[in-house]
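Dear colleague,

I am passing on the structure we spoke about, and my notes on it follow below. Please keep it open while you read.

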Amino acid sequence: MQEPLVSFEGVAKRFGSYTAVQKMDLQIHKGEFLAIMGSSGCGKTTTLRMLAGLEAPSEGIIRLAGRPINDLPSWSRDTPMVWQSLALFPFLNVIENVEFALKMRGIGRAERRRRAEQWLDRMQIAEFASRNIGQLSGGQRQRVALARSLVVEPDILLLDEPLSALDAALKVRMQSVLKNLQRETGITFVYVTHSQSEAFSMADRVVIMSRGKIEQIGTPQEIYRTPRTRFVADFLGSSNIFPGQLQQDRSGRAAIATASGHFLLAEDAAASAMPGQSASLTVLDTRMQIHLQPPADAVNMVEARMIGEEFVGATATIYFETGAGQEIRVQKSHEELADLPLAVGRSFHLSWLPADGHLVPE
Ligand SMILES: Nc1ncnc2c1ncn2[C@@H]1O[C@H](COP(=O)(O)OP(=O)(O)OP(=O)(O)O)[C@@H](O)[C@H]1O
């Protein structure tokens with residue numbers, strides 16, 4: 001296995017008596033797109049700032065290509081790292097902004113012009129080379145800022161909420177620009193965001209943080225399908241969560257007793273389930289079925305009253321409430337719902353396979 005490009009080993013950061021990042025262990029591999037995600041104040045930016053050398057860890061070691069960098073200022077490191085900033089120089093035009101870092105590095109005029117033009121071309125903004133920054137749209141500025149970061153060909157690019165100021169359509173376009181660029185150049189991207197759609201659409205791996213701690217690290221698919229903690233399941237918002245107590249049913253199969261009923265667990269979850277323990281069962285909203293009549297073969301089923309619906313593009317989310325007051329959401333395509341007489345107030349039966357349920361500790 002290749003040595004990680006970056007490793008955080010027991011890294012903590014305190015500001016006075018406040019701990020912003022707790023004992024973090026994290027490895028970042030060369031060429032990967034890593035997103036760090038979490039709600040406001042969870043320590044994402046502090047983590048990025050420590051990597052950039054803008055903040056010194058209070059504890060632990062950060063290594064870059066094997067070398068501790070805790071006390072090594074960014075300019076004296078062997079591995080070039082750039083912090084992508086949107087703040088362009090208003091007194092320089094587009095190409096001068098892109099050339100600026102090369103000029104600072106003492107690269108000659110002809111060479112820096114050639115390289116800057118190459119990057120403007122790559123970002124499809126060559127036609128704006130001599131425009132003033134004030135004459136550009138948000139998305140064009142964003143591309144200039146990226147060209148300016150990438151022209152120095154860093155090994156690592158650090159990005160902190162780079163798309164937050166853009167409108168929804170532009171955001172989606174820039175996501176694919178960024179992802180393609182990262183793939184083509186092989187530059188390691190460490191990308192801080194609070195947006196799930198950004199993290200999940202671009203990153204190879206996602207780190208989910210809460211209150212200065214890593215809750216889960218994994219591919220977007222792993223995290224989406226099997227959130228490992230209650231926090232992650234809540235944060236992603238795509239799972240139904242049934243808090244309860246683990247137990248064995250009469251035939252010895254592992255089950256969970258919840259306010260809305262007893263539900264059987266998949267075999268892999270059953271192996272680690274200790275009867276009597278508190279836990280929550282999570283079931284993705286896309287894995288639940290809606291029936292008007294209870295099907296004879298359903299293993300896990302609950303009766304619930306429809307309380308609302310929401311349509312986004314090709315999918316619909318239908319909201320239900322069980323007799324115990326638990327809200328359940330089910331996401332389906334319009335075709336899948338076509339034969340159901342959906343109506344607010346009507347009762348339905350919701351089912352899922354034991355294999356689609358995952359346990360998270362309480
Ligand atoms: N220089 C500082 N002095 C004191 N507290 C700080 C300092 N920098 C950050 N903090 C605190 O540390 C915590 C983590 O901050 P950080 O900026 O890393 O959060 P974040 O996850 O990036 O949040 P956001 O999404 O809002 O930017 C916050 O509670 C913040 O107030």
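Predicted model: local features only at pLDDT ≥ 70, side-chain atom pairs only at ≥ 80, totals over all residues.

Within helix 3, the residues R112, A116, W119 and L120 are buried. They cover an arc of only 100° around the axis, which means that they sit on the same side of helix 3. On the face turned away from the buried side, helix 3 carries A110, E111 and R114, which are exposed. As for what the buried residues of helix 3 meet, they pack against helix 2 (94–104) and helix 4 (138–150). Just after helix 3, Q124 adopts a positive phi of about 55°.

Turning to the whole chain, the domain assignment gives domain 1 (6–225) and domain 2 (230–361), and the centres of the two, taken over C-alpha atoms, are separated by 39 Å. Seven residues from domain 1 and five residues from domain 2 take part in the contact. On the side of domain 1 that touches domain 2, at least two residues each are supplied by strand 9 (205–210), strand 10 (213–218) and helix 7 (220–225). Sorted by class, that side of domain 1 has three nonpolar, three polar and one charged residues.

Key. Residues numbered from 1 in each chain as written. Buried ≥ 20, exposed ≤ 12 C-beta atoms within 10 Å, placed from the backbone. Helix = DSSP H or I, 4+ residues; strand = E, 2+ residues; numbered from the N terminus. Arc of directions from axis to C-beta. Contact = placed C-beta atoms within 7 Å. Domains from an automatic or database assignment. Nonpolar A, V, L, I, M, F, W, Y, C, P; charged D, E, K, R; others polar.
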